[in-house]
Structure formats: C-alpha cells, structure tokens
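Please walk through this structure with attention to its aromatic rings, its overall build and a few backbone details. The paragraphs below take these topics in turn.

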Amino acid sequence: MPLRTKTKACTHEHLTFAPSSHASKVGYKQPTPRQLIVATNAQGTISNTTSSASSGLGDQASTFPAPLVLPGDELSWEPTYHGQSMSSWVRGSYRNAVTRDRRTLYLVPPPIFGKGLEEAESWKKPVLKGKKTQERVAWTEKDTQNVLEYLRAFYHGMEVRIMPGEPLCFSADGDEEGVPVPPVKKARGGKVKGKRKAADTKSPTLWLQTHDSTSLLGVRTRAIPKGLYSNQLNLNDLLEAAMEILPQDAYAIVILIEHDMFEDEEDDFACGRAYGGSRVCCVSTARYDPALDAVQEVPRDHGWPASHCTEYIEKCVAEAEEEEEEEEEEEVEPKKKKQKKSAVEKSVKGAHVVVSPMQAALKAHVSLPSLETSPSAEALAGLWLGRVCRTASHELGHCFGMDHCVYYACCMQGTASIIEDARQPPYLCPIDLQKVLYATGADERERYKRLEEFCERFGEVQVFKALAAWIRGRIEHLDNGKKDNTRDNPIIILD
C-alpha cells in the first residue's frame, strides 16, 4: 500500500539501490555484475579487456539502481521474466530497422470532437464529486508540444514531428452498418493495466475521421458506473486507427489521448500500449492527472528519485507483510522485524558516502516544495507532463523492439499499477540505452545534453530538475571514468 502520511514529511535520509527484501521472497534474483556487462554487449560476450567503467555497469549501483520489486510491482508477479539483452535485441526478427527513408517519429495530438459530441468530449474530465478538486489543472496544447520536445531529446538522432495534416476528429456521422468496427489485436508491450470492472456493453461507438482516410474508423466506448471517468475509449481500436494513418516515412507514431482507455473487458484501464511490430502506440493522459492522486493513492513525495528512499521501501514491504499476516491470521514476529532493522543500521554505518547521480537527483527533488502540501499549479502541471513524457518514451521504446526491462530500475520497466508507475525513473538503463543509441545513431553524451537542456526549462518541476541533476552526475562519471563502489553497501547517506 502507498504511504500518504499527514504527519512529519519524510526526509529521504537514506537511499537504497538493491531490490527490496520482498524480491527474494517472491523469487527475483538480481543479475550479477558480470551478467549485466554481458547483457550490454551486442555480441553477448565479455573479455578481459572489457571495462565496467566504459560499459557504464560494474559497481555503479548508485547511478543505475536495481529494480525495487515492491509488493504488487510487476516483477513481484513475474520475478523470473526473461530479460532482453542487447545481443538478443540485435538478433531479434521482430525489430524494425531504422532506415534513411523511415526514421521519423510522429506525435499525434489528442483528437478533437465534432458538433454533437459535446457529451463524449466531456468524458475526458474525471468524476470528482465529493472528492478533492482544488488541485485541478488542465492538459493544454502547450503540454503536447512539450511532450514532442522531450521525445526529440530522448530519441535524439531521429526526426520527431507533429503529425502533418488536419487533426484527428471524432465525428457524429458514423453509420454502424456501413463502417465496420476494427477487429481486436493483441498488443505487444504496454504500461499500467488495471483490474477488471463491469462495463456497459451498450455504450456507443465513436467514429474517427482522419485527414487521409476516405472512411470513418470505429472506436468502441464503454461506460463505467462509479468510475474515476464516466466513459472510456477502446485502446485496441485507437491503435488500429494509428496503423491506418501511419505515414510512409514514419518509423513510428504515438497518439495522445485525453480520455481514459481500456484494452478489453478484463481490465479496468490502460495508460499506454504499443503494437511494437506495427510501430504504433497510444498514451492516455487521463490517469496521470494529479487531481486523481489522492483517490489512486499515488505517493507524490516518493516518486522517482525518492522512490529509492530506504524508509519508504521498508514501510511498503512491512505494510504488505502485515496485511498478509492479518489475512492468514498469523501473529507478527517482533524479533524478525528487529533483525531487519539492525541489518539496515549496520549497512548505513558501513556505507560509502559519495556524490552520485542518484544523490544529486534526490537533492534536486527535495530542494523544491513538497508536492503533497499546497503545490503550485506550475508544479502540478509539470508533474502531469513528466508522467506522460515517461510513458510516451516507454511506449515508443516498444516500437524500437525493446521488451520490458528486468535488469535495473529503468524507463522500460513493466508496470503493474499507477502507483508503481510513479516510482520508475525517466532514464534508460545501460542495456536499453545501448539499444536506443544503436538504433538512432546518437552520441551518448550529446543525447544526455539534449535531455538536460529540456529539463532545465522546468526548474520548478521535481522530476525534470532531478533528471537534469542525474544527467550532470552521469556525464561527470563518463568524462572522468569514475567508479561508484556502493554495490556492496546499497545504502547511501545524504550530506
């Protein structure tokens, strides 16, 4: 369960970079340093001349921490999920090559609504009756433009543009007998999928008009009684529409949707999904709205990088264990808890104090006012933007043939909940970074510089200020060839 305490704010005094104690309980085994280096190599080998510093791996745990694997996280459900190494990605037949004629990424702004569809357009507003509403901010065209510019930096080396032509438009003129509803296809890769919730099967079909289509494309909807949104759009139909409008010169496209989405009748909602082989993906801004954080129990102050706060991690595990013990009607063993605490104190005393990229990121994070208590409209808008940027870059990663990451805390990690989503970093781990650099032809330092420049425009936004600080620390390590020897002591003390 997330922690949203109203008592004294957490100081994030200690960070941990190893998986939580819950990881071993469910069977997740962190790869060894040697395995990580091999996974970064396109040949899948390691030689005596291979340097852990040059590969960005080895003992740099405070730059690239391990997955947290907290209760309810995706890796806690699939702890033995096979990771996709650099060599397996290079050899993968599912991967589409970037060519001279196909190296553009297109961002499709949220569709507009034609006359007569005012009610359907209003579905993008959350149902917050009787709930906290004073924090409400709106998604704007400027935010969409900022997502575009973020993706330009994240996928530096590719052309990244807004989709040309007239915007997508939902029309009220569809003829259900004359315009077939697209068939459902299984998506490859995605981010945040909720639990099942009953839907109204009699909900209407919306009809999407594209600038280069002579027919309307059907998008099914469903009503959600007592949901956070009154109605949702079908994700599979939106992805089918994306395939219809994929330009000839496109490597991939991502469609932004302001409405809540569902993939099938078995899930509650979906924030993003990709048909990786078809080079299309779709991202919804709906569930990332900060106005829903209290209802969805998203711990703002323990989003990345504070998600690696030792106290927070231990409390998440302890709460889950207590709930499990209550369900099994077993008594809590005080001795066991005391031993766990002593082990942490011992690690703290022996920790190697360094100025690491993660430390720099956390210092930047805590330098700004708390997002839990009276946040500014600018901070909330930036929080929303950062969440959408991270998911858009994740879904496009699937279009590059990347699978979910199991090696590190990474932008390409799978996500089992909106809470886990907030804990994940915006950066790529060394293994997935190698894949992106290989595909785009970009220089690593130049790519980092472009991301830093973007982030510096949002100096009052936690995630972007923290990412900029992390990048500066990472570049310093690359330039100086420094090693961070904290793998054996996974706790770091802040100055």
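The charged end of arginine 95 is placed over the ring of tryptophan 89, 4.3 Å from the ring centre, where a charge sits over a ring if NZ of Lys or CZ of Arg is within 6 Å of the ring centre and within 35 degrees of the ring normal. In a second case arginine 447 lies over the face of phenylalanine 154, at 4.7 Å from the centre of that ring. The model is a predicted one, in which local features need pLDDT of at least 70 and side-chain atom pairs count only at pLDDT 80 or more, while totals for chains, interfaces and linings use all residues. Residues are numbered from 1 along each chain as its sequence is written, and side-chain values use heavy atoms, with hydrogens and water left out.

Phenylalanine 154 also belongs to a cluster linked by ring pairs, together with Tyr150, Tyr155, Tyr251, Phe400, Phe454, Phe458 and Phe464; rings of Phe, Tyr and Trp (its six-membered ring) pair if their centres lie within 6.5 Å, and planes under 30 degrees apart count as stacked, over 60 as edge-to-face and the rest as tilted. The whole structure holds 18 aromatic pairs. One of them joins phenylalanine 64 and tyrosine 427 edge-to-face, at 5.8 Å centre to centre and with 80° between the planes. Phenylalanine 64 lies in the loop between helix 3 (52-55) and helix 4 (74-77) and tyrosine 427 in the loop between helix 14 (418-423) and helix 15 (430-440), so this pair ties together parts that are 363 residues apart in sequence. Helices (H or I, at least four residues) and strands (E, at least two) are DSSP runs, numbered from the N terminus. Both phenylalanine 64 and tyrosine 427 are buried, a word that stands for under 20% relative accessible area, against over 50% for exposed and partly exposed in between (1.4 Å probe, protein chains only).

Tyrosine 155 and phenylalanine 400 form a stacked pair, because their ring centres are 5.0 Å apart and their planes are at 5°. As tyrosine 155 lies in the loop between helix 7 and strand 4 (159-162) and phenylalanine 400 in the loop between helix 13 (377-399) and helix 14, the pair ties together parts that are 245 residues apart in sequence. Tyrosine 155 is buried, with a relative accessible area of 0%, and phenylalanine 400 counts as buried at 2%. Helix 7 itself (residues 141-154) has 14 residues, and its buried residues include Tyr150, Leu151 and Phe154.

Taken as a whole, the chain contains 17 helices and 14 strands, and 58% of its 495 residues count as buried. Among contacts (heavy atoms within 4.5 Å) between residues at least 6 apart in sequence, 80% join residues at least 24 apart.

Some backbone details remain. The peptide bond from tryptophan 304 to proline 305 is cis, with omega near 5°, and proline 305 is found in the loop between helix 9 (293-296) and helix 10 (310-327). Histidine 12, in the segment before strand 1 (14-16), has a positive phi of about 55° although it is not a glycine. Lysine 226, in the loop between strand 8 (217-223) and strand 9 (231-234), likewise has a positive phi, near 65°, in a residue other than glycine. Are these two residues buried or exposed? Histidine 12 is buried, with a relative accessible area of 3%, whereas lysine 226 counts as exposed at 88% relative accessibility.

How values were computed: The expected span of a helix is 1.5 Å times one less than its number of residues.
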